Amino acid sequence: MYLNAHSYYSLRWGTLSPEELARAAKDKGVEALVLTDINNTSCAFQFIRACQDQRIKPVLGIEFRRDHRLLYIGIARNNEGWYQLCKFLTDHSLEQTLLPDEAPALTDTFFVYEQNTRPLNTLQAHEYIGIRPTAVHQLFGADLLTLPNKLVILSPITFLNHDGYRIHQLLRAIDLNTLVTKLPPETIAHAEEQFYTPSELHTFYQLYPQIIHNTKQLLDSCSIDLPSSLKNNRQTFTGSKNGDFALLQKLSFAGLRQRYGAGHSAATQRVEKELKMINQLDFCCYFLITWDIIRYAASQGYHHIGRGSGANSIVAYCLRITDVEPLELDLYFERFINEYRSSPPDFDIDFSWDERDDVTDYIFKRYGREHTALLATYSTFKYKAAIREVAKAMGLAKADIDQIILEPNATEKHHHWAKYVFRYAAQIQGFPNHLSIHAGGVIISERSLHYHTALRLMPKGFPVTHFDMYGAEDLHFHKYDVLSQRGLGHIKDAVVLIKKNQGKAIDVHDLDRIKNDKNVRSKLRGGHCIGCFYIESPAMRGLLSKLKCEDYVHLVAASSIIRPGVAKSGMMREYIKRFHDPAQVKYLHPVFEKHLGETFGVMVYQEDVLKILYHFAGITLGEADVIRRLMKGWNNKPEALVNLEQKYFRNCVARGYSENLAKEVWRQIRSFSGYSFCKAHSASFAAESFQSLYLKTYFPIEFMVAVINNFGGFYRTEYYVHEARMAGANIHAPCINQSLHLTHLKGKEVYLGFIHLHQLQKKVIQQILLERQLRGAFQSLADFSKRVIISGEQLDILIRINAFRFTGKTKYELMWEKNAVSSNRSKNLKTDTLFLDADHNYPLPILEEGSFDQTFDEIELLGFPIRSPFDLLHPGTPTGLLAKGLKDNINRIVQIVGYYVCRKDVRTVNKRHMYFGTWLDREGHFFDTVHFPNSLEASPFRGRGCYKITGKVVLDFGFPSVEVRKMERLPFIKDERY
């Protein structure tokens, strides 16, 4: 009798999770329930599973709405009907057409219309009229009774009670960006759309038993089940399972010979072992599709990085899906795939940010749009955002809202409605708010995806499923993570620039040569990594210096222990300590020394858990991976973990270990759960870091220009420009005749791109470049003004940045000339002149630029000065110590002048703020500071600029920094432009 239930995936409408719906149905004695979310199919499988848990019959449908208007409710008779409904909704999304007023004729579905929305004489066999409980009394003598077999109960479920109705109203107000009191009636649910009991519904319709009978008959004829199985994935690549295995074998052994040469027995045995497991678990097609994606990318010249747990596989290495050699790093395949793994594996494949979409497009065209989709992700209401949104909907002023959020416990300062704001915000916290696209997840199905979900067209033109990655996992879909990152753009563009600027072809895939290059290792050891993927942050550069890291293995470790969980646990510091004094390391057992020797007995990686459980306690690698994955469930141990824990201790007894030793090893494994990281993932990052560092070592200017043009690094553009200057580049402001849209270089001359003039319009940039291409360089300001349509304000930007410096005129002279040019141009645009005016040469006043006018203009227009910011300090400003002198002044109080780069905010154990600062000295070299809470309160940061810093120099494992006692921002010289 319940044909129209909404979950909170009826976005900003429904108030109940699928599980809450099912539990409420159970509590009320309901036997069957139809989920009909509004234009959404996100939680279909979740709802079915929730209903099955409560022994309720689930039925699926969709409520179709257009501009808040209910058109009809579609109910699937069976799986084919669900396919038809999903395809119908998908087609209108992909074709960007409006849903029609009348439902389509779909053979395996029912459609229910609201009363008075469809002429009775047009009803088809599968169509019904829904009668609401409040409308039953209007049926007496109505025309509807002439078609008693076409009437069904329509008792929508949107909330459970009046409190739920208030939440619904707030969600609608949030959706429409209005006040609850101003909601138009047609945009909200009726107040009676609560969950009535079966007996209450029988009471409503007792005079019309035919309506009850029709509704039951409709429900009885429906049956739905969405299978959760690996069979949901595309089953073969070649057309048969045997063909897939044969092809995977051939490709793997061909790659084996290319990677290792002939006769490498260890690699051969590992390939054979992995192939057996891959075939046994039916993952051949998954590997081949991933290989196919990589093959296409390579054919287009795209560079990629294969990372994640997939890099544990030697088959993936032989297929060139990854460049991580698993034997070198002692990586275990079972971390990626094993016989106990219930969730599908996934490869993370990174492409350059400007190439990823083309690879995605290939996947859609290769495997078909009805079988391929991106995964959705859902943005949910966070608590503070919920407070703000609820308060706005209730009509509170911004000042009142800010006060509630700023001081949530200061109730005496709150608006008198604040208690209701907190109450309702807490209830909508975690509700899905809007659908977006997963970072790169793609699924490829065997049957049409419409058997599982409807699809929605996203702005980039790719369809996305309605369920997210967790829904995909529930249905056992393989996920192909086709991701993008700026680091690969740096590498790709640098290689192109090197070829163009120096005529050299660079192979960044020869990782063995790159990892063993002594100059690259020297850069790494010194932490000179600005611009390099994953290793450029102040914390990472400091860690590299402390570790004197110069090889691949230790960079892999550094890439793991830099993560917040490791640092917080104290294991990062313990690792550094052991690195500097390995002779003092005491291993718990010889197994630890043998298998954790490279990390000095510290469990840094997830793979370390597998090693210890396997070699120390005799737990199989597959079982060890189960323990690893269940480690986060210590407070509520699943039965599988309890059984494996018991097996661990039994094995320890059998091996003669003392109880204390067995317990200590188990404790370490247990504590490890808070900061585990995949070693193969770190290895992939480290490989890319080496590639970046190689390019920076030998081609620093080209590399830094590539970093500048890809944006998205750890630092602001200013500091990458600075790094290029330190590498010997001559930096030029944008120039009308030299600059392009992006930054480019000629030899060592680097011309900043027009894109860095944030106020310069894109259409102006396009005109400038097109005119130059078609008619050559500009000869003068007058020539430019004739050829480019540009407003006075936009021309001001170009003059102020000195883009017309080729004319030899000062900016003030050009500003004067601009007025004359603009005036003549305005006249010419209005009408042709009959008689030419005689030229008049009026004497100009002497217009001189100040010494720093250009620099101040650069700060305003580019966001940073091209020259050193220290040049802007007043003459006589104390110079102080330089960064290179810090190590000579350990434990001394020094004074140093620094130009602010960035800072990291952390909290002490007492929840007080402190900072780690990063600066440039007068010579352009980086140094670091520590700002403890007391010092920070006395000398706070006051924005960007140069600061005089007084503090104590401390040395931490060979890395110097300044513990700040006092800090003051230094004023720049007077800006004489005004």
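Contact here means heavy atoms within 4.5 Å. In this predicted model, Gln 235 touches Leu 230, Lys 241, Asp 244, Asp 282, Cys 285 and Glu 446, leaving out residues up to four places away in sequence.

- Gln 235 is placed in the loop between α6 (209-220) and α7 (241-260).
- Because buried means under 20% relative accessible area, Gln 235, with a value of 15%, counts as buried.
- The backbone oxygen of Leu 230 is reached by the side chain of Gln 235 at 3.2 Å; Leu 230 is also among the residues that Gln 235 touches.

**Residues with positive phi**
- Asp 282, one of the residues touched by Gln 235, has a phi near 65°, a positive value in a residue other than glycine.
- Asp 282 belongs to the loop between α8 (265-280) and α9 (284-299), and its relative accessible area of 34% makes it partly exposed.
- Arg 320 is not a glycine either, yet its phi is positive, at about 65°.
- The loop between α10 (314-318) and β8 (346-352) holds Arg 320, which is partly exposed at 37% relative accessibility.

- In soluble globular proteins, nonpolar side chains tend to be buried together.
- The largest nonpolar core comprises 152 residues, and Trp 82, Ile 131 and Phe 287 have the most contacts inside it.
- Helix α9 gives the most to this core, with 11 residues.
- Apart from this core lies another, of 100 residues, including Leu 329, Ala 683, Leu 781 and Ile 799.
- Beyond its neighbours within four places in sequence, Ile 131 is in contact with residues including Gln 115, Val 136, Leu 139, Leu 144, Tyr 205 and Ile 211.

- β9 (residues 372-380) pairs with β12 (residues 463-468) in the parallel sense over 2 bridges; Asp 468 in β12 is the bridge partner of Ala 376.

Definitions and conventions:
Residues are numbered from 1 along each chain as its sequence is written. This is a predicted model: local features need pLDDT of at least 70, side-chain atom pairs count only at pLDDT 80 or more; totals for chains, interfaces and linings use all residues. Side-chain values use heavy atoms; hydrogens and water are left out. Helices (H or I, at least four residues) and strands (E, at least two) are DSSP runs, numbered from the N terminus. Buried means under 20% relative accessible area, exposed over 50%, partly exposed in between (1.4 Å probe, protein chains only). A polar contact is a pair of N or O atoms within 3.5 Å; within protein, one must be able to donate a hydrogen and the other to accept it, and residues adjacent in sequence count only if both atoms are side-chain atoms. A nonpolar core is a set of buried Ala, Val, Leu, Ile, Met, Phe, Trp, Tyr and Cys residues joined through side-chain atoms within 4.5 Å. Two strands pair if DSSP finds at least two bridges between them.
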